[in-house]
Every structure is written in structure tokens, then in C-alpha cells.
Amino acid sequence: MRISTMKKAGRSLLMAATMLAGLAPVAHTRGAQAADGHSAEMPRLVREDGRYALMVDGAPYLVLGAQANNSSNWPSVLPQVWPAVEQVQANTLFMPIAWQQIEATEGKFDFSFLDTLLAQAREHKKHLVLLWFGTWKNNGPSYAPNWVKLDNDRFPRVVGSKGVMRGSLSPLAPATLDADRKAFVAFMRHLKQADGQQHTVLMVQVENETGTYGAVRDFTPMAQKVFEGKVPDDLVKALKKQPGTWKDVFGKDADEFFHAYYIARFVDQVAAAGKAEYPIPMYVNAALRDPFKDQDPYSYSSGGPTWNVLDIWKAAAPSIDLIGPDIYDRGYDFYIKTLEQYKRPDNALFVAETGNDSVYARYVFATLGHQGIGFAPFGIDYTRYVNYPLGAAKIDAEALEPFTMNFKLLGSMNRELAALSLKGKVWGASEPTADHSNTLDLGPYKATISYGLPQFGDAKPTGNDKPCGGVVIAEMAPNEYLVAGYHARVDFAQTIKAGKNGFMIASVEEGHFENGKWVFERLWNGDQTDYGLNFTSIPQILKVRFATY
Ligand code: DGJ
């Protein structure tokens, strides 16, 4: 029932204020710290009934991330990074650790940047996600040391079907795997020494946007020989196929699936060796394929973890905890479909990268609605580099404001949302563009979210000038929901008829969380509730209680 309808019926809907029971307190940002100020527990990914949480200091945690630009991984640049990270109120900085930077000379390691970064992250009270730019960085070895990328004999490149050598290194070369793995192991060993107590670093991304542009797979004689052999038993079993050659088993997809399998095996061996040193969660990110079309693999990074080869990656890379999409398409349908593709019972949804233009900001709400455990806009620093048209044409405080607003709101109830999400009790919606409302099925209730409505009165939603609306809803207890968001109106309806006359909103409290406890600020009533719950650009968290009468 719409609240406005009830008002017209002359009924007073809101009951007297009742201080409602809050969530059981959960550890706050540093809740499970050891007495010496260090975090007692390793970060880890947990799974419950096909849902996930990243455990940080022993409790579920949402990564509200900010990824620096590619070449910001130098001590001289960090002063331009932190102000932007602070500006967006991210809780985690994503930063590359480049192979060329730590092992410019083979066998000689330099972790001075990592040590500087760790020290500064702790001063800024931020977590880190470190990105291993090794054999693959957007398909090529640009971040590998010169002794790797200039030695094609020792570290062979992919050669396409027409004999053209591509930028990508072959995943089938044992020397490449050996060298990358050794460097990654040294990195993880150092990380354990430098951060094994404090756990500033939450996760490590292994390689960056693997795959190959311009060739579906490696066609060198070495690779061809493997391709003509049998599909390995582990993959045949995992995919429930009949044994045979790649062509027999996968037909027209054989080339791409072969490449995906061997890249995944390479990455898995690097990750497994790293985890043997220091077992924190490790993930890979994906340069995307069109989520709707069966595209030709020559038009994207073939062999990377695109949606059509996720089963292969899952089977071939068990040491990788999750596969996260890099979403640089502003379109609503593209974005939502991608979230659906990467949220799987065997894969935690984690938006590893997304554009930093304002229209991307609202998708954090849909990400939460798809049980996402993290969301990280890319290019968050003040180096003046802009990756338009993928992202914004200008990066300053004003441009970052939509991300700031969202991270401020969500960060203030981070632990509560992450804990409820693990229990399957979080829903979220982002403003669509083809129409101007969406609905969320909360079970006993349905929430209708409308965009572009005035705060007072009934009208047809027209959408915001630029799509910027989003809402998150979380069930704290039966009939009791947290509702928060921006630039949106939320109305509720009952889906199952209960009570003699129907249902009503018993109370709408505005408040906030402090150390895991709900702190009441005021009741909303009258104009503030008669025409739905209207969220503006002000961060507001409501606790809504339904009752029957
Ligand atoms: C995705 C890559 O993973 C990033 O490192 C960066 O190159 C962006 N694309 C584009 O700016």
C-alpha cells in the first residue's frame, strides 16, 4: 500500500517511537585488533550457502575501494594519491606492484616502494589491495622487467594463426612461469614479513587483465603440439565432458578455451606458490567481452576470464579466490548483466575496477544488491591523468563527489551491511535509464524505487538529470529494514496479505551506527513519509518497521 493513499484515507500511520532492538554489535573497522594495535586475524574469504564475505579483523567487510592510475606506484607520486583517496572516502587503496619495479635485475629484489606504501597506508588508516603487474598487464608484459620482455627466446610471445607475433607472452613457456612465480613468491615472502601481523593488505590481484589481443591463442609449434593433444583430465571431469582433443571436446571454441585453460593454469601456479608463503585472498580481474553477444575472440582479450570461460577458469585456477569484472561500460543493461554473470555460487562478486565518471558511482548500490563484496573506481588520484572516455574527463573533488557521497553513506554502516549481505539480507538498486523506477523483492514486501520525483506529491517519475540514484535495503530483523540511498523515492507494498486490514509503516527512524549500535536521531513522519521515503543528496539512514493492523 502506498503511504500517500493511506494519508488520503485520513489515517495516521506512524505509531509512537519505539526504540527498536539493533543489530547484534559487530566488530568495527579495527574491532578484532590485538592488544598491540595489530590485527589479530588474516583477511579471508568466507562462503555461506553460496554467498560471500571478505573477513577483515574477523568480521565481514565491504571493500569501498579506489584504484590509483597505472603509473602512480612510485614514492614520488603518493602525495598526489592520498588526497584523492581521502576525498572519495575509500577504505582501501588499490595499487600496482610492478615486476619491473621489484626485480629490475634478475634475482635482486627491491621492495622499498611496497614498504613506503605500507607505512603511508597505515598513517592514513587505509587498507590496501596490491595488484601484481607481471606477465600480463592488459594482455602484454609491459610491466615485466626488460630482461623478460626483451628476450623473446627465453620468454616467447604468442604467435597468431597467421604467424604474426603478438605482444602477449605465451602461457605455455615454462621459463616465463618460473620467472614470474619466483618474483611473486619473493613479493609474498616480503609481504608476510612486512604485513603478516598488521594485515593492512586485504587481497592481492594476480596479474592484470590476462588474455591476448589479436590472436585467439598461441600457434607456435610448442603450443600447437599441446593443442593437438588431449584435454587434461581435470578439465574434462570438471566440465563433465567426454575425453578427447581440444577440437573434439570444444569444437569451434577449442582455440579460446585452450588459451583460457593454460593462462588460468599459469596464474594458478603463480598464486599457489605465493599463497604457500603468505595465504591471503587472491583474485584476478577481467577485461570484459560483450555480456549479451557471442563476440569473436579477436575483438577482446582472448583467454582472459571473460564470462564464457568462467567455468574453465574456475576448474583450472583453484588457488584464485574470485574473478572480478572491470566494468567500463556506462550502460545500465551492460552493467547489470555483468554483475549477474560474475555473481555465482562459486564466485564472489567484486567489481575490481570501474569507471570514475559520475554515472558509474550509482552502480555501487546494484553491486551490493548482487551480494557484492567490493567496488573500486579506477583512476583515483590527482596526477591529472584522465582515462576519458572510459572515465571522467576531469578528476577533482567535484568530479569525485558522487563516489564520495556513496562511500560516506555505505562506509558508515560497512560492517552491518557486509554481515547482513552474507546472510542474504541485502538488496540494492541503481537508477536505470530506459525507465525511471525499479522494484526489489524483499520477500514479504516489495520496494519500488522511483527516480526524479519531487519530495512531495504524486507524479510520474522522470529520472534524474544524470542517472545518479541508488538505494540499499537491509533486513535487520523480521519486519525491520535499513533503507538508505540518494536521489530516489522508496515505496513499500506487502506481497503476502497479513493482518486484518493490511500493513502499515509503524515507524521510520533516522539514525546512524556507532560501534555496531544503532543510534536514534529522529522520527520521520507527516510530509517526510506521506509520499514515500525520499532520499536527496544528504546521507541518511532510515530504520523502517512494518506492522499489521
Ligand atoms: C583496465 C586495466 O586493468 C587498468 O590497469 C587500466 O589500464 C584501465 N583498463 C584503463 O585505464
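**Figure legends: the predicted chain and its annotated domain**

The UniProt annotation "domain: DUF5597", from an unreviewed entry, covers residues 404-535. The model shown in these views is predicted.

**View 1. The annotated region, residues 404-535.**

**View 2. Ser421 in helix H16.** Helix H16 runs over residues 414-422 and includes Ser421. The relative accessibility of Ser421 is 6%; because buried means under 20%, Ser421 counts as buried. Leaving aside residues up to four places away in sequence, Ser421 touches Arg51, Gln371 and Val426.

**View 3. The fold of the chain.** The chain contains 17 helices and 23 strands. Its radius of gyration is 25 Å, close to the 24 Å that the globule rule gives for 549 residues, so the chain is as compact as a globular protein of that length. The C-alpha trace spans about 85 × 55 × 40 Å along its principal axes. Of the contacts between residues at least 6 apart in sequence, 74% join residues at least 24 apart.

**View 4. Surface and charge of the chain.** Of the 549 residues, 58% count as buried. The accessible surface comes to about 21100 Å², and carbon and sulfur atoms contribute 52% of it. There are 56 positive and 59 negative side chains in the chain. The centres of these two sets lie 4 Å apart.

Definitions and conventions. Residues numbered from 1 in each chain as written. Predicted model: local features only at pLDDT ≥ 70, side-chain atom pairs only at ≥ 80, totals over all residues. Heavy atoms only, no water. Helix = DSSP H or I, 4+ residues; strand = E, 2+ residues; numbered from the N terminus. Rg over C-alpha atoms; globule rule 2.2 N^0.38 Å. Buried < 20%, exposed > 50% of the residue type's maximum accessible area, 1.4 Å probe, protein only. Contact = heavy atoms within 4.5 Å. Areas by Shrake-Rupley, 256 points an atom, 1.4 Å probe, with all protein chains shown as cover. Lys, Arg positive; Asp, Glu negative; His and termini not counted. Charge placed at Lys NZ, Arg CZ, Asp CG, Glu CD. UniProt positions renumbered as here; feature names shortened; annotations may be inferred.
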